[in-house]
Amino acid sequence: MSHLDSLIAEDIIAYLDAQENKSFLRFITCGSVDDGKSTLIGRLLYDSKLIYEDQLAAIEKDSKKSGTQGDKVDLALLVDGLAAEREQGITIDVAYRFFSTDKRKFIVADTPGHEQYTRNMATGASTADAAILLIDCRHGVQVQTRRHAFIASLLGIKHVVCAINKMDLVDFDQKVFNDIEYDFRDFAKDLGFNDITCIPMSALDGDNVTRASERANWYRGPHLLKYLEDVDVDSADLERPFRLPVQWVNRPNLDFRGFSGTIASGIINVGDEVMVVPSGKRSKVKSIVTYDGELDRAREDMAITLTLKDEIDISRGDIICRTDSPCEQADQFQAHILWMTEKELFPGRQYLIKTANKTVPASITNIKYRVDVNDLSETAVKTLGLNEIGVCTINTGAPIAFDPYQDNRKTGNFIIIDRASNETVGVGMLDFALRRAKNVHWQDLDVSKQIRAAQKNQKPVMLWFTGLSGSGKSTIANLVEKRLLDLGRHTYTLDGDNVRHGLNNDLGFTKADRIENIRRIAEVGKLMVDAGLITLTSFISPYSAERLMARELQDDGEFIEIYVNTPLEVAEQRDVKGLYAKARAGLIKNFTGIDSEYQEPENPEITINTVHMSADEAAEQIVAYLTENGYLEGTS
Amino acid sequence: MDIKDLVTRAEQLAETSGQSLSTISRKILNDGKGLTRLKDGGQVTLKTYENAMGALKKLEAEADVNASLNLTHLQRLEAEAIHIMREVAAECENPVMLYSVGKDSSVMLHLAEKAFYPSRPPFPLMHVDTMWKFSEMITFRNRRAKEVGMDLIVHINPEGKADNVGPFSHGSAVHTDIMKTQGLKQALDKHRFDAAFGGARRDEEKSRAKERIFSFRNENHRWDAKNQRPELWNIYNTRVQKGQSMRVFPLSNWTELDIWQYIYKEKIQIPSLYLSKKRPVVERDGVLILVDDDRLPLNPGETPMEKMVRFRTLGCYPLTGAVESEATTLPEVIQEMLLTTTSERQGRVIDSDAGASMEQKKAEGYF
Ligand SMILES: Nc1nc2c(ncn2[C@@H]2O[C@H](COP(=O)(O)OP(=O)(O)OP(=O)(O)O)[C@@H](O)[C@H]2O)c(=O)[nH]1
Ligand SMILES: [Mg+2]
């Protein structure tokens, strides 16, 4: 029993005071399958006398039924609480346990070692300040050891204990310990940990868990509990920039408008000048409101409500900063992503991402590389599979306020949600903005053409193909569309096939009908452009006036006329569909080029000469035009 | 040059600020071992000494400011719970707070008042009444809801009521299933709640220790323990489809001691059943059962005894064991709790059958 415990009986009030002033640490156990993580937690709880008699009796009973240690109590059963875990003798999901010593209170997350359940390990690691990485001394550093070390480092854990476990099985051989320590330090040297402490251990017998091991008398360092009590996590550096992600707007009545949230970092005082990101609006702090009274100042981790001197528009998703060091905002980022579901991540697909306080549509536009957890090497890949980690570029449908994860664990992170299933399919850590959102004052987040287009990472435009029948419009338009699709862009093609049979099936080929045909196509195309799409139309559209009408319907720069210039002789000679022959035979009336005129475009943006150019080259030329003119970049 | 003074003050700072001596040493001497060396009789130049003293004074001033801003463990837990509640209010369409009248519910309710102050919590309270709760719980419930000004929904399983389901006539398992589990599911479906707060803690039971804070339930209210959503940082995925829902546990990371300490510190109202008093009880299979009303069938020759008892948890009175105790004040209760050697759920008749029972019940839709 520790000395504080005697206070319980003597002076309970003094004991409670002492409890309140204890410091606090969250840590995890991790490492490869069966290396002894759960056993270690069981041992910690057991040795700190935190197991009630009835709990212990239950464990003793269960040990006989499903324990792995013969007649001995299987301490892992104290944490492996799910029926399936007991049956299989493995950990499936993270268990949270609580214990305390005279000095500190602890929340420990016991995480699973199986690769299949890596996402549950990440769940535990995301809120931890220190990690105990277990290594079975008979097997040394494994792939899974490396994976967990890497994920811990990625999630920002700075303090690592490398617990070299099951030393009882190798007679506490110092050489075994030294070799593993060397291997691990060599692997971990670039992972950015502040400190790594290696401890020889037997979780089963309790060596170096809560007391120094006699069997490892060559080891001079601290035992695990001592380390946990002393590790200096410096978790709250109050000098960091102030960030309040607005979680909920507090409006009990017309006279009060407060902004509630948990302070992600820093300190705020009444009177401080603040700036709201992304809107860029400024004001001063009028009051810091809590149920227990107003405060003069508040710090990181406090859940408070701010009111401001000016009536400015602030909503959930904004971050209130101090004007001296506001956070960034952007809609394109580089991020590290850990993928957490069997369905692979595909660039271009739309997901939702949720940051500290905002949910926006987003797509991963590109996977730069995947990190191999074995040697941290980089491999080019097209997709990310379950438990894989990659560096990606992402594009959000609206600008978000953020800090790089390295600078702030609470404003630089996000989860990725599948839009159909609502599952959490991945998580990410922002590295930096690729392009700052240009318009800082953009507050009008009503869904508009710009927003729809930004979400698709393109500028919407109408590509109007015109030319004689058989000139190659549809062939080229199809190739262009395929190429754009490969580039992750969003397109649609309107052509005779899908328009004449439905929308325009009441129209024939008289001049009036042809004009009406084009008018409808131009209007439908305009809606599609408004939807943010790159819209391709491929119709003969023989009259300049109708093409001009179509052009004038679109906003500036959103109409590109593409003249597929194939001389009549050539088209007629090719006559792929046999239409020219029929027209010449008088079987088709009003056929352009034969008995109806084609008015050549005077200033088309692009002219394609199919006599000198293949369809592929033509498509290439058009995509190059779009790229050069910025149509394949997002708007903002 | 007073090296001894420097060392003593640095040690004091280490003690009060919670930083290690080597960190302070690094900050003032640019050398993590510097202070230990000085302590062991090492020497420094006057210039180094003056720089170190200057840096130490700055650190002391900083520590003073920070000390006033120190967050205790309870304050952290409080902030976490508030964050969770606000997240639900902001993201879920139709949330509700399950209010079971026990000490955890009392803490949860108090935290809800704090989270939205000066607004009222933007969701109703709901109690699934099994008709066999301690009568004091019902009085207490009605009074508290009125004081806080929140809507209170009381749901009783109508079929169960019509069939007169009770623990004595139908057995504890059937009673709990029909009146509590089925009743809860009915109530959640009826009002189409997409998120329901519960006061469960991870330290209560081994399958709870595994549960997420935002715990997803399918259309049939089932918990799939082996397939929980990842839950990283404090970013919670609240999205559900129609019919699915979230159980949300803002007290997940609180321990029983934390709850009691918080109740004490914040002077939170709790039913007096938690404090010891002379009460009429009978002993059944080693468990003391309160004779709360005349529905408790007395065995032939059985007469209620007056005993000083209190309750560690509150539920249906015939299913909740009392403990003999002299603790009539909160600190005394806490004291007894800390000195006891059995866990709190032991008083609850329902958990003690099979090892995986709580997990199974949760899979079936129990909270
Ligand atoms: N001899 C010996 N056996 C140990 C020690 N620690 C754990 N074990 C045994 O190793 C086996 C696996 O232990 P667990 O604690 O379940 O391992 P784990 O790392 O939690 O496994 P997962 O969570 O499934 O990855 C059990 O049979 C333990 O009893 C140790 O220090 N010495
Ligand atoms: Mg385990």
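## Salt bridge between domains

A salt bridge here is a side-chain nitrogen of Lys or Arg within 4 Å of a carboxyl oxygen of Asp or Glu. In this predicted model, B:Lys114 and B:Glu266 form such a pair, with their closest N and O atoms 2.8 Å apart. The rule finds one salt bridge across the interface of domain 2 of chain B and domain 3 of chain B.

## Domain layout

Chain B is split into three parts: domain 1 covers 3-68, domain 2 covers 73-256 and domain 3 covers 265-351. Between the C-alpha centres of domain 2 of chain B and domain 3 of chain B the distance is 23 Å. Their contact draws on 30 residues from domain 2 of chain B and 28 residues from domain 3 of chain B.

## Interface area and polar contacts

About 2,600 Å² is buried between domain 2 of chain B and domain 3 of chain B, and 60% of that area lies on carbon and sulfur atoms. Residue pairs in polar contact between these two domains number 11, counting pairs with both residues at pLDDT 80 or more.

## The domain 2 side

Which helices of chain B each supply at least two residues of the side of domain 2 that touches domain 3? They are α5 (73-91), α6 (103-116), α7 (135-148), α9 (167-170) and α10 (172-191). Of the elements on this side, α7(B) gives the most, with seven residues.

By residue class, the side of domain 2 of chain B that touches domain 3 of chain B has 12 charged, 10 nonpolar and eight polar residues.

Definitions and conventions. Residues are numbered from 1 along each chain as its sequence is written. Chains are lettered from A and ligands numbered from 1 in the order in which they are written. This is a predicted model: local features need pLDDT of at least 70, side-chain atom pairs count only at pLDDT 80 or more; totals for chains, interfaces and linings use all residues. Side-chain values use heavy atoms; hydrogens and water are left out. Domain bounds come from an automatic or database domain assignment. Contact means heavy atoms within 4.5 Å. Buried area is the accessible area (1.4 Å probe) that two parts lose on being put together, summed over both. A polar contact is a pair of N or O atoms within 3.5 Å; within protein, one must be able to donate a hydrogen and the other to accept it, and residues adjacent in sequence count only if both atoms are side-chain atoms. Helices (H or I, at least four residues) and strands (E, at least two) are DSSP runs, numbered from the N terminus. Ala, Val, Leu, Ile, Met, Phe, Trp, Tyr, Cys and Pro count as nonpolar, Asp, Glu, Lys and Arg as charged, and the others, Gly among them, as polar.
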